[in-house]
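Q: Hello! I would like to learn how to read strands and their partners in a protein model. Could you walk me through one?

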Amino acid sequence: MVKASAPGKCILFGEHAVVYGQPALACSISQRMSIELEREDTFDSWRIDGRTFNGKKHPHIKYIRDHLPPHDEQPLHIRIRGTIPKASGLGSSAALSVALCGALQQIRDEPQNLQQASELSHQAEAQAQGGRASPMDTATSAYGGFVVLSDSIEEDLDFIETRSMEVNGEQQEWHLHTFEATIPEGTALVIGNTGVHGSTSAMVLQVAELIQNEPTRKVELETIGAIARRGIQALRNGDMKAVGQAMSENHIVLRSLGVSSPDLERLIRAAAPSSLGVKMTGAGGGGCMIALTENPEETVGAIEMQGGRAFITAFNEPGLQIEHLT
């Protein structure tokens with residue numbers, strides 16, 4: 001049996017602006033998805049959690065299985081476990097895909113290959129989403145820590161790889177980076193989940209229509225890019241007060257673009273008094289918010305008093321890990 005796990009992610013800076021060439025920063029979180037693979041001795045087909053595998057219900061898994069099959073073609077039983085809320089913008093499907101890649105690499109007696117896991121999972125995400133997917137979620141799940149996505153190579157960051165994919169007939173290219181950061185002890189992120197599913201495609205389209213109708217509003221996206229660069233530098237310096245300020249500024253601009261929601265705003269207002277910085281994370285319209293805080297228990301309580309579900313996560317969580325191999 002093989003067991004592998006990969007973390008979810010939250011976006012610290014750069015939502016929506018990244019679509020227009022600005023940098024975005026994600027970090028891995030403590031919540032993870034795990035995959036257990038065991039060879040089938042009594043069934044002649046693949047199974048998931050005791051049920052016969054259906055590729056239409058699990059397009060990510062089908063894509064990865066087809067591209068990384070066991071050498072002996074023996075069916076496998078897949079067991080899925082995890083602590084990442086589904087459809088919350090925290091990368092649960094990407095983490096599942098990355099963990100599956102890692103487990104299949106072991107089944108195939110191959111060394112762990114983070115780049116392959118990141119790339120193949122990205123392709124699976126794109127295929128399941130009609131050809132469009134950013135590599136940010138899968139890269140953060142595979143490598144862990146901080147991942148910066150940009151349309152150009154950032155000279156002052158540690159370059160990981162360049163990823164390209166054909167999107168709507170055009171070749172799109174992303175550059176992935178990372179960096180080391182010193183996080184003071186006692187500083188944590190609190191994630192608050194509204195429980196409302198926000199549509200990424202709808203929010204992206206909403207911003208696109210806004211920019212098309214009011215081209216001068218593009219300056220707000222450039223502002224987000226500038227805030228992201230300042231926030232990244234503050235993280236590298238270990239200046240959590242400056243990181244928090246940048247997070248809150250980022251949220252103000254996102255709110256002005258119309259991608260926040262009443263549920264997000266309610267949780268953000270609740271968390272603000274006990275936090276260094278607060279913002280929505282992800283596409284918006286629902287989903288989650290994050291708070292940078294030195295008082296995580298107090299922040300959790302404030303969010304839950306307003307009806308949100310909250311949990312604490314550390315920074316720099318490890319990426320893909322093989323947890324058990326027999």
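Q: Which residue in strand 2 does cysteine 10 stand opposite?

A: Cysteine 10 faces cysteine 27 there. Keep in mind that this model is predicted.

Q: In which sense do strand 1 and strand 2 pair, and over how many bridges?

A: Two strands count as a pair when there are at least two bridges between them. Here, strand 1 (residues 2-13) pairs with strand 2 in the antiparallel sense, over 10 bridges.

Q: How many bridges join strand 2 to strand 5?

A: Seven bridges join them, and the two strands run antiparallel. Strand 5 covers residues 76-82. As an example, look for methionine 33, which stands opposite glycine 82 in strand 5.

Q: And what is the bridge partner of alanine 26 in strand 6?

A: That partner is valine 147. Strand 6 (residues 146-150) and strand 2 pair over four bridges, again in the antiparallel sense.

Q: Why is strand 2 largely enclosed by the rest of the structure?

A: A residue is called buried when its relative accessible area is under 20%. In strand 2 (residues 24-39), 13 of the 16 residues are buried, so the strand is largely enclosed by the rest of the structure.

Q: Where does arginine 217 lie, and is arginine 217 buried or exposed?

A: You will find arginine 217 in the loop between helix 5 (200-213) and helix 6 (218-237). Its relative accessible area is 18%, so arginine 217 is buried. Leaving out residues up to four places away in sequence, arginine 217 touches Leu210, Ile211, Ser256 and Leu257.

Definitions and conventions. Residues numbered from 1 in each chain as written. Predicted model: local features only at pLDDT ≥ 70, side-chain atom pairs only at ≥ 80, totals over all residues. Heavy atoms only, no water. Buried < 20%, exposed > 50% of the residue type's maximum accessible area, 1.4 Å probe, protein only. Contact = heavy atoms within 4.5 Å.
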